[in-house]
Amino acid sequence: MFRGPRKTRASTMWRCLSKLTNRRMGFKQSNFFLVNSERGYGCASRNSKGQASFSGNLNECAARSFATSCASLSEDHPKDDSISDMLVDSFGRRHTYLRISLTERCNLRCQYCMPAEGVELTRSSQLLTKAEIVRLANLFVSSGVNKIRLTGGEPTVRKDIEDICLELSNLKGLRELAMTTNGLVLGRKLPKLKQCGLTYLNISLDTLVPAKFEFMTRRKGHEKVMDSIHTAIDLGYDPVKVNCVVMRGFNDDEICDFVELTREKPINVRFIEFMPFDGNVWNVKKLVPYSEMLDTVMKQFPSLRRLKDHPTETAKNFTIDGHRGTVSFITSMTEHFCAGCNRLRLLADGNFKVCLFGPSEVSLRDPLRQGTEDHELRQIIGAAVKRKKASHAGMFNIAKTTNRPMIHIGG
């Protein structure tokens with residue numbers, strides 16, 4: 001039995017882990033559950049008669065709980081034989097979603113994305129060409145990826161963005177081609193992009209106040225972004241997703257104003273917890289946790305109610321009576337969703353990344369340019385996917401971990 005401070009620490013750990021496994025991660029009811037017994041804090045299991053027996057320790061229990069939860073996710077989704085082993089990690093997660101960063105360049109300088117002096121950019125010759133992007137994308141899609149999201153930097157500053165969209169949208173097996181953009185030049189490019197197969201759209205906007213916009217982005221352009229949102233609605237995008245990174249002392253007083261955007265328009269406002277990346281001077285004091293944002297919305301919109309989310313969904317989605325649009329919360333810091341993660345990332349310089357917050361990367365550009373055959377590229381990709389960890393390190397450890405600025409990784 002634990003005594004003194006060790007018992008206190010174990011008790012605290014047990015309570016936190018119990019909440020994590022049984023509630024916060026949204027797992028199905030498992031045959032494993034956390035217990036506090038005379039033998040310490042550990043894991044119990046139920047037999048066929050529902051009787052419980054104690055075994056293991058907290059670390060073992062956490063691993064077993066995670067594995068059981070992944071198994072539950074697999075039960076929710078019958079095995080798709082079209083998904084190759086290349087896309088399945090050691091926890092059974094099946095990766096069908098690829099985010100491709102088209103460029104490291106951006107026409108804004110958002111404070112949570114990069115330092116004021118900017119960041120050193122990769123030489124153009126070291127970035128993936130259109131042909132290389134399409135070849136690698138085809139490798140993933142032919143292996144089971146059915147959704148691609150184009151990111152940056154700012155993807156619309158790439159001159160061949162329309163051609164890239166057209167070629168990607170024609171890949172056999174691809175169901176969704178999405179893009180995340182700051183909306184600054186989107187309005188004039190969107191009609192052509194839609195013709196080229198762009199099916200879904202996320203537009204980043206962190207404030208509804210023009211002066212705040214200029215302060216946050218270090219550039220003008222608030223009106224252009226609002227025009228892009230309206231253009232997307234007029235062109236039939238439904239919903240138009242609006243990404244808002246919430247930061248204490250900057251825009252946390254605008255949360256309900258953003259929610260009002262959903263009243264008459266098919267807009268999905270997505271409130272994102274402030275995340276640490278190199279150069280963005282992350283501070284936990286700037287973080288507005290999901291629970292606080294939710295309370296703020298519910299006080300003004302008491303009819304807010306939770307929708308049923310897909311097991312691989314990153315957002316917690318809500319609807320409000322009488323509103324055409326919806327509200328979502330992306331809780332990467334306080335309530336991670338790693339157990340259902342189905343996302344992979346291809347960076348603009350050709351590096352492959354299996355976790356947004358993980359520092360590990362492997363180059364696909366170099367072997368591609370050395371003449372590596374497709375089956376060998378698949379082996380490189382599959383090995384990286386197999387090394388993916390069960391979850392990210394947690395917000396305080398992430399803040400201490402060397403990682404690239406968001407503009408290098410892709411939004």
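Predicted model: local features only at pLDDT ≥ 70, side-chain atom pairs only at ≥ 80, totals over all residues.
Start with helices α3 (residues 130-143) and α4 (residues 161-169). They pack at an angle of about 25°, and their axes lie 10 Å apart. Angles under 35 degrees count as roughly parallel, so α3 and α4 are roughly parallel to each other. The crossing of α3 past α4 is right-handed.

Now look at the residues that meet. From α3 come Lys130, Ile133, Val134 and Ala137; from α4 come Asp163, Ile164, Glu167 and Leu168. By class, this contact has five nonpolar and three charged residues, and no polar ones.

Glutamate 167 and lysine 130 form a salt bridge, with their closest N and O atoms 3.3 Å apart. The pair links distant parts of the chain: glutamate 167 sits in α4, lysine 130 in α3, 37 residues apart. Glutamate 167 has 34% relative accessibility, so it counts as partly exposed. Lysine 130 is partly exposed too, with a relative accessible area of 27%.

The model has 17 salt bridges in total. Another joins glutamate 254 to lysine 212, with the closest N and O atoms 3.1 Å apart. Glutamate 254 lies in the loop between β8 (240-246) and α8 (255-260), and lysine 212 in helix α6 (residues 210-217), so the pair ties together parts 42 residues apart in sequence. Glutamate 254 is buried, at a relative accessible area of 3%. Lys212 and Glu254 also belong to a salt-bridge network with Asp253.

Finally, find glutamate 260. Its salt bridge is to arginine 263, with the closest N and O atoms 2.9 Å apart. Glutamate 260 is partly exposed, at 32%. Arginine 263 is partly exposed as well, at 33% relative accessibility.

Methods
Residues numbered from 1 in each chain as written. Heavy atoms only, no water. Axes fitted to C-alpha atoms, helices over the stretch in contact; angles between N-to-C directions. Helix = DSSP H or I, 4+ residues; strand = E, 2+ residues; numbered from the N terminus. Parallel < 35°, antiparallel > 145°, perpendicular 65-115°, else oblique. Left-handed = near helix turned anticlockwise from the far one by under 90°. Contact = heavy atoms within 4.5 Å. Nonpolar A, V, L, I, M, F, W, Y, C, P; charged D, E, K, R; others polar. Salt bridge = Lys/Arg side-chain N within 4 Å of Asp/Glu carboxyl O. Buried < 20%, exposed > 50% of the residue type's maximum accessible area, 1.4 Å probe, protein only.
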